[in-house]
Amino acid sequence: MTEKVIRSLRDTSYGRWVALILVSITMFFAYMFVDVLSPLKDLLETKRGWSSENFGTVGGSEFVLNVFIFFLIFAGIILDKIGIRKTALLAGFLMLVGAGIKFYGVSDYFSPESGLYQALNGFSLFGLIDPLPGSAVMACIGFAIFGCGVEMAGITVSKALVKWFRGKELALAMGLEMAIARLGVFAVFRLTPILADGQYISKPVAVCTLFLLIGFLSFLCYFFLDRKLDQQEQIEVAPEDEFKVRDLKAILTSRTFLIVAGLCVLYYSAIFPFQRFAADMLSSRLEISMRDASNLFSYFPIGAMVLTPLLGFFLDTRGKGATMLIIGALLMMSCHLIFALTPNFTYPIAICAIVILGISFSLVPAALWPSVPKLVDDKVLGSSYAVIFWIQNIGLLCVPIIIGGALDRANPGIGKNLSEIRIEMDAISSFQQELVDPDTYNVTTKDFGNTLRQDLSDLQLVYRNYEKRADRIAKIRGDIDQILANNDELTEQQMETIANLQASINRVEEIKGDTLYNYRNPMLIFASFGVIAFILGIWLKIEDRRRGLGLELPNRKKK
């Protein structure tokens with residue numbers, strides 16, 4: 001008598017890949033929200049009065065609750081207790097709530113005249129951080145709640161992929177999920193400057209919040225798919241295999257596990273906080289607009305997106321996970337040293353450094369996350385990912401604040417000058433718009449008017465460099481003198497616009513010095529993380545060889 005073999009969704013290619021797509025969509029939108037403010041550093045300084053340290057503090061606030069109230073540890077326990085699908089819905093809900101609060105904090109709806117704003121304004125954590133404007137405090141609150149959701153989603157997705165792909169294309173699946181998520185980084189670095197249009201802060205945040213609603217619905221679809229799988233396979237946990245809190249001791253006393261956790265915190269602390277400052281760093285070093293800098297850096301996740309699945313496939317079929325971690329750390333260190341120490345920093349050098357960082361960002365995660373199931377039992381897998389994410393969050397919380405503080409201390413007065421000059425540049429931009437229509441000029445002033453508008457556009461590109469700003473202002477003054485020489489042909493409105501323009505130009509000229517940040521010290525801090533990660537990678541490879549953990553072996557099991 002022949003028994004009929006029933007294949008579950010997990011045994012079918014379409015079932016596994018549908019599950020992957022559903023969880024990846026949510027992480028794509030989550031990654032978009034994480035970096036939605038990254039291209040807006042200059043606008044936040046100008047319109048909301050944030051300092052570089054304030055900006056870094058808001059970026060680090062994503063991890064406050066995860067670290068200080070151990071939410072991530074609890075999230076891992078919750079995941080192992082109630083399962084993947086319920087935890088996914090809880091994570092999606094927390095992301096939505098936190099995103100809504102952050103949107104309110106940076107929007108014009110949160111008025112500085114309101115009682116709540118005044119109550120929050122000036123918060124400094126007992127003097128440990130730079131006093132925060134009320135808008136920054138509210139953004140911190142929302143981002144902290146969002147951070148609970150996104151980190152819970154991260155460990156949930158990791159465990160979900162292990163559930164669906166163990167013994168199959170696990171590293172490839174994890175690589176594809178990370179690639180799709182990083183496409184969100186590319187999208188937001190492109191989309192945010194367009195939506196902001198040099199003046200709107202809340203619009204891109206609102207759009208990304210709506211995207212998170214779509215992500216929640218995607219998790220809801222996964223809920224039903226995952227439930228169907230459990231019904232097909234009739235999954236039950238034996239009493240002796242149930243998760244117990246004391247099982248965490250086995251995790252925290254494993255030397256190899258702690259080495260992997262150390263690699264994780266060092267590596268990601270040199271990547272994610274860097275992303276928040278990358279656009280401003282490129283703008284300062286290359287003396288280009290924030291929009292152009294954001295577009296340039298947006299190519300960073302593209303390389304990682306393409307390479308990570310390929311490296312995951314290599315890891316599944318050939319192995320060499322520990323070696324990949326070592327090479328990734330070396331590349332990451334090299335990239336930050338290029339940003340820090342290259343004297344004549346040009347576009348080609350910037351592109352090369354970004355490509356190197358993209359390769360590094362492919363190697364390490366592709367090898368790191370599929371290695372964890374080799375180190376721990378299934379019943380504590382969710383908690384193991386939670387512990388790694390918790391340790392990682394400590395770095396992601398502290399590093400942006402450290403980088404922002406180092407940036408302010410290395411560049412005294414730059415933030416104040418930048419804020420003042422941006423106010424005047426916004427005014428100049430509005431006056432420029434009033435000079436757009438060439439038909440408002442007579443024949444003798446038309447050419448001079450066109451030249452003036454072009455020179456004002458050029459000033460918008462070089463205003464952060466003092467010498468170039470001074471040269472352009474001198475040229476603009478010559479343009480204005482040529483127009484005024486024919487003032488009998490100018491209308492009263494044109495005369496008023498030019499007078500206002502001259503006043504703004506005078507105020508810009510009074511601001512001495514560059515408004516370009518020197519990023520050498522922050523980049524050296526990031527590079528130091530790569531040095532330590534390289535040492536830990538060597539140690540991990542020695543441990544793997546000594547104890548036979550299989551980190552250098554392929555993930556796919558041969559039939």
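A cavity is a set of points, on a 1 Å grid over the protein atoms alone, where a 1.4 Å probe fits but cannot get out, whereas a pocket is an open set with protein on both sides within 12 Å along at least five of seven lines; lining residues have an atom within 4 Å of a point. Grid points are joined across faces, edges and corners, and a volume is the space filled by probe spheres set on the points. By that search the whole structure holds 3 cavities of 30 Å³ or more.

The model is predicted, with local features needing pLDDT of at least 70 and side-chain atom pairs counting only at pLDDT 80 or more, while totals for chains, interfaces and linings use all residues. Residues are numbered from 1 along each chain as its sequence is written, and side-chain values use heavy atoms, with hydrogens and water left out.

**Largest cavity**

- The largest cavity contains about 410 Å³ of space.
- Its lining has 24 residues, and those nearest the centre are Met 27, Tyr 31, Gly 154, Phe 272 and Phe 389.
- At least two lining residues come from each of α1 (13–34), α8 (134–165), α9, α13 and α18; helices (H or I, at least four residues) are DSSP runs numbered from the N terminus.
- The helix giving the most to this lining is α8, with 6 residues.
- By class the lining of the largest cavity has 15 nonpolar, 4 polar and 5 charged residues; Ala, Val, Leu, Ile, Met, Phe, Trp, Tyr, Cys and Pro count as nonpolar, Asp, Glu, Lys and Arg as charged, and the others, Gly among them, as polar.

**Second largest cavity**

- The second largest cavity holds about 70 Å³ of space.
- Its lining includes Val 34, Asp 35, Val 36, Leu 37 and Ser 38, as well as Trp 50, Phe 55, Lys 102, Phe 143 and Arg 276.
- Helix α3 (residues 52–60) gives the most to this lining, with 3 residues.
- The lining of the second largest cavity divides into 7 nonpolar, 2 polar and 3 charged residues.
- Leu 37, one of the lining residues, sits in the loop between α1 and α2.
- With a relative accessible area of 5%, Leu 37 is buried (buried means under 20% relative accessible area, with a 1.4 Å probe and protein chains only).
- Not counting residues up to four places away in sequence, Leu 37 touches Leu 44, Trp 50, Phe 55, Lys 102, Val 106, Ile 201 and Val 205, where contact means heavy atoms within 4.5 Å.
- Between Leu 37 and Gly 513 there are 27 Å in space, C-alpha to C-alpha, and the two are 476 residues apart in sequence.
- Thr 57 belongs to helix α3 and is buried at a relative accessible area of 6%.

**Second largest pocket**

- The volume of the second largest pocket is about 710 Å³.
- Of its 24 lining residues, Asp 197, Gly 198, Gln 199, Arg 422 and Gln 460 lie nearest the centre.
- Each of α2 (41–47), α9 (170–196), α14 (290–297), α19 (414–434) and α20 (443–462) supplies at least two residues of this lining.
- The largest share of the pocket lining, 4 residues, is from α19.
- The lining of this pocket has 10 nonpolar, 6 polar and 8 charged residues.

**Packing of α13 and α17**

- Two packed helices are described by the angle between their axes and the distance between the axes.
- The axes of α13 (residues 272–286) and α17 (residues 347–371) come within 12 Å and cross at roughly 170 degrees; axes are lines fitted to C-alpha atoms, for helices over the stretch in contact, and angles run from 0 to 180 degrees between N-to-C directions.
- The two helices are therefore roughly antiparallel to each other, a term for angles over 145 degrees.
- In this contact α13 uses Phe 272, Phe 274, Gln 275, Leu 282 and Leu 286, and α17 uses Tyr 347, Ala 350, Ile 354, Leu 357 and Phe 361.
- The contact residues divide into 9 nonpolar, 1 polar and no charged.

- Phe 219 is in helix α10 (residues 202–233) and is buried at 1% relative accessibility.
- Leaving aside neighbours within four places in sequence, the contacts of Phe 219 are Val 23, Thr 26, Ala 88, Leu 89, Gly 92, Met 95, Ala 153 and Val 157.
- Phe 219 and Met 27 are 9.9 Å apart in space, C-alpha to C-alpha, and 192 residues apart in sequence.
- Asn 393 lies in helix α18 (residues 381–410) and is buried, with a relative accessible area of 0%.
- Apart from neighbours within four places in sequence, Asn 393 is in contact with Phe 63, Asn 66, Val 67, Leu 72 and Glu 151.

Note on methods: Buried < 20%, exposed > 50% of the residue type's maximum accessible area, 1.4 Å probe, protein only. Parallel < 35°, antiparallel > 145°, perpendicular 65-115°, else oblique.
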